[in-house]
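Hello,

Have a look at it first, and then read on.

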Amino acid sequence: MGGVEDDEPPSKRVKASSRELRGLSNGECLKEPSSCSLSASMARPLASQGDDEVISSKGVKKVEFVRIIAEALYSLGYSKTGAYLEEESGIPFHSSVVTVFIQQILDGSWDESLASLHKIGIVDETIIKLACFIILQQKFFELLDGEKVMDALKTLRTEIAPLSINNFRVRELSSLILSPSHRVIDGISGQEMVKPKPRSELLEDLQKLFPPTVMIPEKRLLQLVEQALDLQRDTCLFHNSLVGETSLLTDHRCGRDNIPSETVQILPDHHDEVWYLQYSKNGKYLASSSSDHSAIIWEVNLEGRVSLKHRLIGHQKPVSCVSWSPGDDQILTCGAEEVIRRWDISSGECLQVYEKGLIGSISCSWSPDGKWIFSGLTDKSIMMWDLDGKEMDCLKGQKTLRISDLQTTSDGKLITICKENMIVILDRESGTERCIKEDQMIVSFTLSWDNKFLLVSLVNEELHLWSIQGHIRFVSKYRGHRRSRFIVRACFGGFQQAFIASGSEDSQIYIWHRGSGELIETLGGHSGAVNCVSWNPTNPHMLASASDDRTIRIWGLNHVDTKSNSCIPHCNGAN
């Protein structure tokens, strides 16, 4: 069919790269010699011999490998180099029929492109019909744009409608003819008209529809490289930094110095055991609660140094937990079987007290919009208040335990321990419940920052990770920490929540790689049981721990000079 001889200079070949196509307007041909000649486009058919040649132990085929390299070269704008690769390898980027098809689309040769479509090797008739619909829709728009209304109507009736695809869209196209006022308004001229998309974009739509053996997906080599980098980072036990630090020149491997493992500050301001602590979502504050009947708001400055901002006094019993408001401007504190107090972070003022007669509170949480307060009560019910303390609702029955956690997802679902070995996820709007049932008694749980996972601490000294997005499923378990008498809490943390950290009754902190379940670090320093840990959400190199030794420890990278009580040089997320 008039093919070019093998010794033709490769620069004469037509190569419609993704980048070149994006620069084309309707009706333009490629600005290359012979670029509009179909004979020049059919230089060499796809090689029928050697298609299955494998060039690696992993089964990489030579033909596929060369084609994705060629696609990468063309997408980077190296057209001559891509053409030389095809010439020397004898492996064309596209088959001759596909090359013809591409040029026909760019030329607006719709009838010819439909004929070529049936010859490019697509077996699935559904894909062919969808491709026909896309091409004919473009033809319809261009005819309408050229004010050839009757020809557009004929295309709609005799070509598009018989495909019986997307009847709703067919009716929309019909309305453009019957009701011109429905057409898109040209903001420049003010005239009503339909704007067909550039033909290069049409080709991109077809490329996404076709099997990759017919047309290589755009930037396929780059996608494979990024997948390899993601896999290396995911399997790296100590990866805890920004993606930009990864290099293509070496395999990715981080050292232990990326994990916060050195004490950079000790906070001794509580007067008794510290039971709970939690960073604010913006990473600018840390809240802690203690059996000394108080809670403390700590401020984290830009250099990472932690200082006391407010001591919250008012509870008559130990403060068992705290909960940050969605905007981090207020906080709830829950007295052990006592009342809940709401505090202003800026002033340290107590704004409201929530109590239910003689029934004490054991847990607290906010609604996602910050307008409601939830509390688990000692009678095993869950109470909902508005901010002013008015009782709005009460979920009766065994919804919680006397020692329990209560958390709220971003879409308003309540999560609580309803039995010793069962967690319930309550959807108040639909009235549905989903349950996680364990074989052992549950000690505590924590919700991941993205609301997709739940980390459950059990009495048998195991942490279980559950996926709660969609169908509930068990993901992984973590072992090593010690717990026999007290409530010990764990947390997610690090870059992209890649780690699990937990307190322990042996005075240490345990850190696991979340993906592999491998224990990667044990931190010593406390002299009493570590009751709770919290990882700064905006600083992957900052971890806090609360202990029975009455102190809070701030942990940072091990290159920090701890003797000077300095802090890690990492921004805490403040603007």
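Strand S22 (residues 490-493) and strand S23 (residues 499-502) run antiparallel and are joined by four bridges; strands here are DSSP runs of E with at least two residues, helices are runs of H or I with at least four, and both are numbered from the N terminus. Two strands count as paired if DSSP finds at least two bridges between them. Phenylalanine 492 has isoleucine 500 of S23 as its bridge partner. The hairpin of S22 and S23 has five residues between the strands, and glycine 494 takes a positive phi near 85 degrees there. Ala490 and Phe492 point one way from S22, Cys491 and Gly493 point the other way, and all are buried (under 20% relative accessible area with a 1.4 Å probe, counting protein chains only).

Please keep in mind that this is a predicted model, where local features need pLDDT of at least 70, side-chain atom pairs count only at pLDDT 80 or more, and totals for chains, interfaces and linings use all residues. Residues are numbered from 1 along each chain as its sequence is written, and side-chain values use heavy atoms, with hydrogens and water left out.

For the whole picture, the protein chain has 11 helices and 28 strands. Of its 575 residues, 51% count as buried.

There is also an open sheet of four antiparallel strands, in the order S1-S28-S27-S26. Strand S1 (262-267) and strand S26 (530-535) are at the edges with a single partner strand each, so one side of each has no neighbour in the sheet. From one strand to the next, the twist averages 25 degrees. Five bridges pair S26 with strand S27 (residues 543-547) in the antiparallel sense, and valine 533 stands opposite serine 545 in S27.

Now to a helix pair. Helix H6 (residues 110-117) packs against helix H7 (residues 125-145) at an angle of about 175 degrees, with the axes 11 Å apart; axes are lines fitted to C-alpha atoms over the stretch in contact, and angles run from 0 to 180 degrees between N-to-C directions. H6 is therefore roughly antiparallel to H7 (the term for angles over 145 degrees). Among the residues of H6 that meet H7 are Trp110, Leu114 and Leu117, and the H7 side includes Ile128, Ile135 and Glu142; contact means heavy atoms within 4.5 Å.

Enjoy exploring it!

Key: Buried < 20%, exposed > 50% of the residue type's maximum accessible area, 1.4 Å probe, protein only. Parallel < 35°, antiparallel > 145°, perpendicular 65-115°, else oblique.
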